[in-house]
Amino acid sequence: MNQIYCSNCGKLIPENSNFCRFCGASQHGPQSGIYQIEHPTLGRAAVQAAEKAHKNPLSEENPDNSEQFIKRRRLSPKVKLSFMVSYMKDPSVLLLFILLLLGIAFSPVVFGGALLVFLLAVYVVAAISYNHFFYSIDEMGFQEEYGLLNTVKISIPYGKIQNVNITRSPLDMVFGLYRVCIETAGSASTEEQHMVGGDTTKSEAYLPGVTFEQAKKVHDLVVRKIS
């Protein structure tokens with residue numbers, strides 16, 4: 001089961017939780033995304049980052065301070081392997097992979113070579129997906145861009161953002177990655193939409209593979225702005 005960080009105490013709880021089982025804080029509504037920066041519980045590195053951010057809050061008077069916003073950047077490079085595994089979960093891709101594995105028993109050279117080419121092709125697709133996924137945060141809000149032939153650009157102003165959740169799947173734990181899900185007020189989406197990297201999400205915006213430091217920075221920048 002995917003997990004998220006409680007918006008109040010920062011402890012990991014099931015993604016579908018309405019309330020935190022540790023502190024009882026609601027996980028929905030306009031105030032649900034605000035961490036207690038004065039008394040964080042996310043480890044020393046996160047504590048130091050939160051304290052530094054708290055001492056240097058966002059301000060409109062100094063918009064060029066690099067501490068305030070995130071310039072256009074990519075996901076964590078490790079997400080390429082995560083994308084590769086996600087693509088392998090597609091039924092047609094998985095079937096081809098299994099057939100090639102079985103074929104090695106009959107002709108190791110031919111099917112072994114074909115399997116290597118197949119895996120290389122999947123990795124190349126994953127690498128291309130990674131190279132064309134960008135996100136940024138500026139004075140207007142959150143932006144992300146992905147896709148090669150059909151480029152998708154998403155821009156969400158702070159006034160529309162309701163929740164910012166940091167989640168992890170079992171696959172993310174293997175690669176040491178985190179996901180950031182940004183939900184908007186009034187969003188009526190009930191069906192999961194396909195995203196880059198073979199994933200699906202119900203969130204309006206979604207970062208499918210970042211380090212904890214990246215995820216925490218995105219979370220804290222956005223929630224300070226919306227609060």
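Q: A nonpolar core is a set of buried Ala, Val, Leu, Ile, Met, Phe, Trp, Tyr and Cys residues joined through side-chain atoms within 4.5 Å. Which residues touch the most other members of the largest one here?
A: They are Leu75, Ile137, Leu207 and Val218, out of 44 residues in that core. Helix α6 (residues 212-226) gives the most to this core, namely six residues. A second, separate core has six residues, among them Ile4, Cys6, Ile13 and Cys20.

Q: What kind of model is this?
A: It is predicted: local features need pLDDT of at least 70, side-chain atom pairs count only at pLDDT 80 or more, and totals for chains, interfaces and linings use all residues. Residues are numbered from 1 along each chain as its sequence is written, and side-chain values use heavy atoms, leaving out hydrogens and water.

Q: Why is Ser82 called buried?
A: Its relative accessible area is 1%, and buried means under 20% (exposed is over 50%, partly exposed in between, with a 1.4 Å probe and protein chains only). The value 1% falls under that cut-off, so Ser82 counts as buried.

Q: What does Ser82 touch?
A: Leaving aside residues up to four places away in sequence, Ser82 touches Leu171, Asp172, Phe175 and Leu177; contact means heavy atoms within 4.5 Å. Ser82 itself lies in helix α2 (residues 79-88).

Q: Which residues does Leu75, from the largest core, touch?
A: Its partners are Phe83, Tyr130, Phe133, Tyr135, Leu207, Pro208, Gly209 and Val210, again not counting residues up to four places away in sequence. Leu207 is another of the residues touching the most members of that core.

Q: Which residues of α4 are buried, and what do they pack against?
A: Gly112, Leu115, Phe118, Val122, Ala126, Ala127, Ser129 and Tyr130 are buried. The buried residues of α4 pack against α2 and α3 (91-104).

Q: How many helices and strands are there?
A: The protein has six helices and 11 strands. They are DSSP runs (H or I of at least four residues for helices, E of at least two for strands), numbered from the N terminus.

Q: What makes β4 and β5 a pair?
A: Strands pair if DSSP finds at least two bridges between them. Strand β4 (residues 134-137) and strand β5 (residues 141-146) have four bridges in the antiparallel sense, so they pass the cut-off. In β5, Glu144 is the bridge partner of Tyr135, and Glu145 is that of Phe134. A hairpin of three residues joins β4 to β5.

Q: How many bridges join β3 to β4?
A: There are two, and these strands run antiparallel; at least two are needed, so β3 and β4 pair as well. Ile70 has Ile137 in β4 as its bridge partner.

Q: What makes β3 and β6 edge strands?
A: The open sheet runs β3-β4-β5-β6, with antiparallel pairing. β3 (70-73) and β6 (152-157) each pair on one side only.

Q: Which residues cover the two faces of β4?
A: Phe134 and Ser136 lie on one side, Tyr135 and Ile137 on the other, and all are buried, with both faces covered.
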